[in-house]
Amino acid sequence: MRFRSKLYVGFGTILLVILIMAVVGFIRMNQLQANMNLIVHDKYAGVKHATIFRKEINSISREIGHALLDSNDGNVEKYAKSVIASNIIVSSEWSLLQSHSVRLENSELMAKLNSEYTQYGRTLEELGKLLQSGQRSAAIAYYHTQTEPIREVLFATLQAFTDLYEKEMEQSLAESMNMYYSTMRLGGVLISLVLLISVSVAVWVFLSVTRNLKRIGIHMKQVALMDGSMPRIPIQTADEIGVIAETFNDMAEALEQKAAKEKEYQLALEERNRHQAVLAEYNELLRGVQELEPLSQQFLNHAAPLMSAGYAALYVRAASGSSSGAMKRVALYGGTFSAAASKEAEGLVAQCAAQNRTLQLTEIPTDYIRIQSGLGSASPAYITLIPIPYEGQSIAVLEFATFQVPSTAVLAVIDEARWSLGMALHGATAYLKVQELLKESQAFAEELQTQSEELQSQQEELRTLNEELEELYQNSEQRNAELECIKSELEEKNRQIVVSTRYKTEFLANISHELRTPLNSLLLLSQLLYQNKEENLNPKQVEYIKTIHNSGMVLLQLINDILDLSKIESGKMEIMREKASVREIGNVLQQQFQPLALQKQLDFHIDYEEGADQAELYTDIYKLQQILRNLLSNALKFTEAGSVSLVFRTTLSIQGEPTLEVAVRDTGIGIAQDKQVIIFEMFQQADGTTSRKYGGTGLGLSISKELAALLGGEIRVTSEEGMGSTFTLVIPLGVVAQLPAASPAFPEVASAAAPAFVLNPKELDAARQPEEGMTSAPATPLNGAKILLVDDDMRNIFSMVGVLESCGMEVIFAENGMECLDLLEQNTGIDLILMDIMMPKMDGYETIRRIREGKTSFRDIPIIALTAKAMKNDRSKCIEAGANDYISKPVQLEQLFSLLRVWLHKEEL
């Protein structure tokens, strides 16, 4: 054959082999590219979407946990918005995940994942409804029994899904590597074949190209000896050999680039796997640890070696969840900081937490801190501070001291792990709070037990309650239900006590009425008798009658004391404040007690210190005088010789408010130290024996103490047995208010049913207290006045008729309201009506209203109400019904006659 033919045959053969090698290489490269695209765009993307899907599910669970722990119902909407935002991301990633997972082997997992995801969404909707309806306890129970188990199953399925994708990635990578190596072997075979043919052709045809072919062969042989890189053939000719060399170089470059990409991806994948493994290890490490310091130390013991740190510390903000508060070091790795270093590090820690970003310090001074071991010590070169976030705020700071700058990969691991640490630290802090609340709840249960044991009548029930409280400690839901039951029982008992108190008050009011009614007759008739106007009684009989009258007055005072005590206990004691002068109060007491002191030959005087006689106060004058009368009566009763003094002085309280101190001092028998407390208790006296020298009920000081408290003050006592006593009343002076035109104690009636005549307070005071020397209304003769007396008790009618007729008045009477209305229709010229309140058929209130709404001829007749009940609001009820005035039984004749003169005088006007 000619050279040209041989050349054609040889080069044709070579070209054919090269073409086959190129086609095979191209096919193999396309297969490698397809596998890489499958790994990157399908499997890696599937893992990525599954990871994001899991992360957002975690975020939803975390927000739900916050909503359940947050006691503020107003924050539920905020957490709901966060859950909705995460749910949108979950839906998006779910759609992308479905688009990447259409193969048959993934269909079962996808169907299972779809079912579990749908169930999880339903539990979230139910949980949201419970939270929005305020059923927080039910929501917590539902979360632990329904939502959390489904989430764990969903996570397990996601993990299986991710494992499947990672397994497929590993299989695809192994196939790519096998294909790569098979391609390299096939290429080697083809190249060897080309080399053999080329050598043969070169020997046979082109001896002149032997050198070039040998060079090509040498370079091709080096392919198998090279690791990761391929040789290049220098192009020295422009013939076919040069083309072959150029093609080989291009192929080598392509193979090197492909191998480099595969190696880079493999390294990234390995780094990602190591990253995920470390994060999984940290998550597992933090799981189940609820106490703050063990949790912190455990994390630090694993994080410090990862950072190659010789020293490390973890600081937690004292007030977790806030943006302010000092950092407290809770964990340490590698030793103990010196005082100076600790102080400086604290400043850097605070700065890192405030900026909420990682700080790295270089060129650390040699005396800053030293890392020590058994072989020696050295100063660190770098300090790294990493904030631990929770809900956008730094709640802790990690500090590492290292010899080298931490790598980016390590910092990335710590950066992701710090989020889990933040949630764990927050959970530990919340656990501490729950423990504190549990202790408080337990303390509250013990307090309930102690209080319940004090009720003697409920000892058996309290033992049962104690057992229930112990069971409540084990089961929070049962404990809440039983506490509600206990609360209801206590409320019921409290209601029973209130009802009992009301019944007692009503009983005392009714028994007071029943006692006052006969007592009224006794006092009126005995007073008429001892006046002895007809002079038909001898002095001894008059003395007997006076004794009867005085005993009745003592009984009346006892009834009044019991009623006062009942009013105080039931909270129905009225306080009628008015302006008064200290000097006037002293003058009244001087007039009342000077005769008794003279009778007992005692020195009685009143002193005013530091201008107290010029002071004015705004208080209930009647109750103030009642307290002072009781104290003075006791002082005169228990003093046989010496003196009794009343001292007024003004001073300032601890709060700087002006107060009045009134001291009652005596030189009497005194009070023993151990008796100075019980004398203020009801029915208690310093000498409580049956053979005691001094009488009394033991109610006076108890009532005085309660009245002083109602006036905003207190009573203090200092005494020494055999040396006398000093009782000091301390009350605020008060702010003297601008008094209205009519006194609150005697309101004017301005309604259509109100009486035509209204007296001003001064005239009423004059009518009620003629014995105090106050100016009374102009004297009006009672002789000839026509009085209508309305009372259902014939004893009162008999005594009142006798008293009124003795003054020359004409009296007609009715035994109930209906008879009163009939008598008004039948009789004319009635000047005044005395109306009892408690009557059968029609009571006094209704009768007064009927009179005021009746005919014009008797609508304006003055009406004075009589009642023996003497309870709170009795006077105001009478005035509102239409009465002109009010007087309580037993009736004081001087007061009755004064009121009759006032209202008969007004009628004449």
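Reader: How many bridges join β11 to β12, and which way do the strands run?
Author: Nine bridges join β11 to β12, and the two run antiparallel. This is a predicted model, so every value here is computed from it.

Reader: Which residue in β12 does Ser645 face?
Author: Ser645 stands opposite Arg665 in β12.

Reader: What about the turn between β11 and β12? Which residue there has a positive phi?
Author: Gly656, with a phi near 85°. The hairpin of β11 and β12 has five residues between the strands.

Reader: Is β12 mostly covered or open?
Author: Mostly covered. Strand β12 spans residues 658-666, and seven of its nine residues are buried.

Reader: Which other strand does β12 pair with?
Author: Strand β14, residues 724-732. β12 and β14 pair in the antiparallel sense over eight bridges. As one point of reference along that pairing, Thr659 stands opposite Pro732 in β14.

Reader: Back to β11. Where does the aromatic pair sit, and how many such pairs are there?
Author: The structure holds one aromatic pair. Its rings belong to Tyr608 and Phe648. Tyr608 lies in strand β9 (residues 603-609) and Phe648 in strand β11 (residues 643-652), so the pair ties together parts that are 40 residues apart in sequence.

Reader: Why is the Tyr608 and Phe648 pair called stacked?
Author: Because the ring planes are at 10°, and planes under 30 degrees apart count as stacked. The ring centres are 5.4 Å apart.

Reader: And Phe648, buried or exposed?
Author: Buried, because its relative accessibility is 1% and the cut-off for buried is under 20%.

Reader: Where does Arg151 sit relative to Phe155?
Author: Arg151 lies over the face of Phe155, at 4.8 Å from the ring centre.

Reader: Changing topic. How many salt bridges does the count come to?
Author: Ten salt bridges. One of them joins the side chains of Lys623 and Asp620, at 3.1 Å from N to O.

Reader: Are Lys623 and Asp620 buried or exposed?
Author: Lys623 counts as buried, at 8% relative accessibility. Asp620 is buried too, with a relative accessible area of 3%.

Reader: What does Lys855 form a salt bridge with?
Author: Glu825, the closest N and O atoms being 2.8 Å apart. Lys855 lies in the loop between α19 (844-852) and α20 (856-859), and Glu825 lies in helix α18 (residues 817-826), so the pair ties together parts that are 30 residues apart in sequence. Lys855 counts as partly exposed at 46% relative accessibility, and Glu825 counts as partly exposed at 44%.

Reader: What does α19 itself hold? Where are Arg850 and Glu846?
Author: Both lie in helix α19, four residues apart, about one turn of the helix. Arg850 forms a salt bridge with Glu846, with 3.1 Å between the closest N and O atoms. Arg850 is partly exposed at 39% relative accessibility, and Glu846 is partly exposed at 30%.

Reader: Which residues are linked in a network of salt bridges?
Author: Glu846, Arg849 and Arg850.

Reader: Last one, the nonpolar patch on the surface. Which residues form it?
Author: Leu16, Leu19, Ile20, Val23, Phe26 and Ile27, with about 560 Å² of accessible area together. Ile20 lies in helix α1, residues 3-69. At 41% relative accessibility, Ile20 counts as partly exposed.

Technical notes: Residues are numbered from 1 along each chain as its sequence is written. This is a predicted model: local features need pLDDT of at least 70, side-chain atom pairs count only at pLDDT 80 or more; totals for chains, interfaces and linings use all residues. Side-chain values use heavy atoms; hydrogens and water are left out. Patches are made of residues with over 30% relative accessible area and no salt bridge: like charges are joined within 9 Å, nonpolar side chains (Val, Leu, Ile, Met, Phe, Trp, Tyr) within 5 Å. Accessible areas come from the Shrake-Rupley method with a 1.4 Å probe; for residues, only the protein chains shown count as cover. A salt bridge is a side-chain nitrogen of Lys or Arg within 4 Å of a carboxyl oxygen of Asp or Glu. Buried means under 20% relative accessible area, exposed over 50%, partly exposed in between (1.4 Å probe, protein chains only). Rings of Phe, Tyr and Trp (its six-membered ring) pair if their centres lie within 6.5 Å; planes under 30 degrees apart count as stacked, over 60 as edge-to-face and the rest as tilted. A charge sits over a ring if NZ of Lys or CZ of Arg is within 6 Å of the ring centre and within 35 degrees of the ring normal. Two strands pair if DSSP finds at least two bridges between them.
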